[in-house]
Amino acid sequence: MVKSLRFGLWAVGLASAVILPLISAIGFRAAFEHHVQQSTIAELEADLRYMTRGLKLENGVVTLVPKTLPDPRFEEPLSGLYWQVVDDKSKAIVRSGSLVTFTIELPNDILPLSTIHRHSATGPDGVDLLLLERRIPEGVEGKRSWRFAVAIDRALLKGQVDAIMLDTTPVFIFLGVGLLIITFVQGGMLMGPLNQASRALALVRSGRQERLKEMVPIELETFARDFDALLDAGERQAREARERAADLAHSLRTPLAVLLARADEIEASGQANAAATIRDIVSGLEHRATRDLARANIHGPALGRTVEVSLAPIIHQITGALARTSITENLTWDVQVDPDHKVRLDQSDLTELIGSLLDNARKWAKSRIKITTISDQTSIRILIEDDGPGIEPHQRRMALSRGQKFDVNLSGTGLGLSIAQEIVQAYGGSLDLSDGLLGGLRVTLELPHVGRGSGQTQLT
């Protein structure tokens, strides 16, 4: 199966440009050969009728007075045009000058009087002849007769056909070139709607357009309508899934609060171990519910939702909000973000990603947090550093995969880094933990550059 429509069209066009002119040339040659043969036979028949006028009746005796045929080639030696007359009674032979001394062997058959027969015969030097002969009687009783024959070398007929084919070869070449041009133009017309749809899909994928509707040619309206309906259904299902996850999380809060209150009562009655067990179970359920709710709220790179988002406004907005809280009023926020740096993410996912990482840095930083962005040809790197205690190398994998809380006295669920990594991975990026230059933890986010995959796609 040919995957490239353009290649398939060119293959068919090239085959047509070769096969159709070839078939046309073969058909034209066959038709012209038939025409040449029929017209030659008609001329030879006219020559036969002209030759029979050489029979003269004088004094009651029929004699043959050969008449010179108009075509001078009959008198040119071995020209390819010949005539011959044989007296059936005396076997005397009269021949054209073109035969010199050669005698054409006529077929030994009985010819009806005045009927023209067509034969193949051998001429001088063994050439193949097309021969027409006619038997003319001396009188009504037909006791004496003459066999008139005219012939032409078949090579002369072939030469005429070859000459016309040589003259018409450029016509068939132009026909092939014309077919190629038509194929190219037709291919452009056929590929145009598909390329237009591809460009429209690229706009939807890049977030510059939400749906394909009214962006594709009329031939693809049904496809666009079904595609948009599929996007709507996908968004609706994702929204309903997030709503169900949120409802489930909220519905668990009251039973979990009751269990915690019951744990306090059990502890007050002197059953500290049982109370601790209940609290561990409740903590696990809370952790799982919070994690699933956070995961459900990740939109991911859905068509029509990923847009070009400038990093600077988002980061300044989040740092400004965090700086106004009482717990971070003594922190210095060093934001070095290029206003031109953009990424292609769902804006709510980007806000959740940056917010969770900055909130995590805020909890651990002593006096300073630094945010830097670096761009290259394929990606944007966001570096978030703090001057806190950092995370030991052997604990970093656990912090990303399990959402581990390293200080129970701090608020939160310990899911910030884990959820951030899931958001980054959903968009084909990466998250790395390392030692920062400020002495604490450095979180490096690598996200797709705004130019990556944003180009228009053209079908081939």
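Does Glu 385 count as buried or exposed, and at what relative accessibility? At 4% relative accessibility, Glu 385 counts as buried (buried means under 20% relative accessible area and exposed over 50%, with partly exposed in between, using a 1.4 Å probe and protein chains only).

## About the model

This is a predicted model, in which local features need pLDDT of at least 70, side-chain atom pairs count only at pLDDT 80 or more, and totals for chains, interfaces and linings use all residues. Residues are numbered from 1 along each chain as its sequence is written, and side-chain values use heavy atoms, with hydrogens and water left out.

## Around Glu 385

Glu 385 is part of strand S12 (strands are DSSP runs of E, at least two residues, and helices are runs of H or I, at least four, numbered from the N terminus). A polar atom of its side chain lies 2.8 Å from the backbone nitrogen of Leu 437.

Beyond neighbours within four places in sequence, Glu 385 has contacts (heavy atoms within 4.5 Å) with Arg 368, Ile 369, Lys 370, Gly 436, Leu 437, Leu 438, Leu 441 and Arg 442.

## The second largest cavity

Let's turn to the cavity lining. Leu 357, Asn 360, Ala 361, Ile 384, Asp 386, Leu 441 and Val 443 line the second largest cavity (on a 1 Å grid over the protein atoms alone, a cavity is a set of points where a 1.4 Å probe fits but cannot get out; lining residues have an atom within 4 Å of a point). Two or more of these residues come from each of helix H6 (347–364), strand S12 (379–386) and strand S14 (441–448). H6 gives the largest share, three residues.

Key
1 Å grid on protein atoms, 1.4 Å probe; cavity = no way out; pocket = protein on both sides within 12 Å on 5 of 7 lines; lining within 4 Å. Polar contact = N/O pair within 3.5 Å; in protein donor to acceptor, adjacent residues only side chain to side chain.
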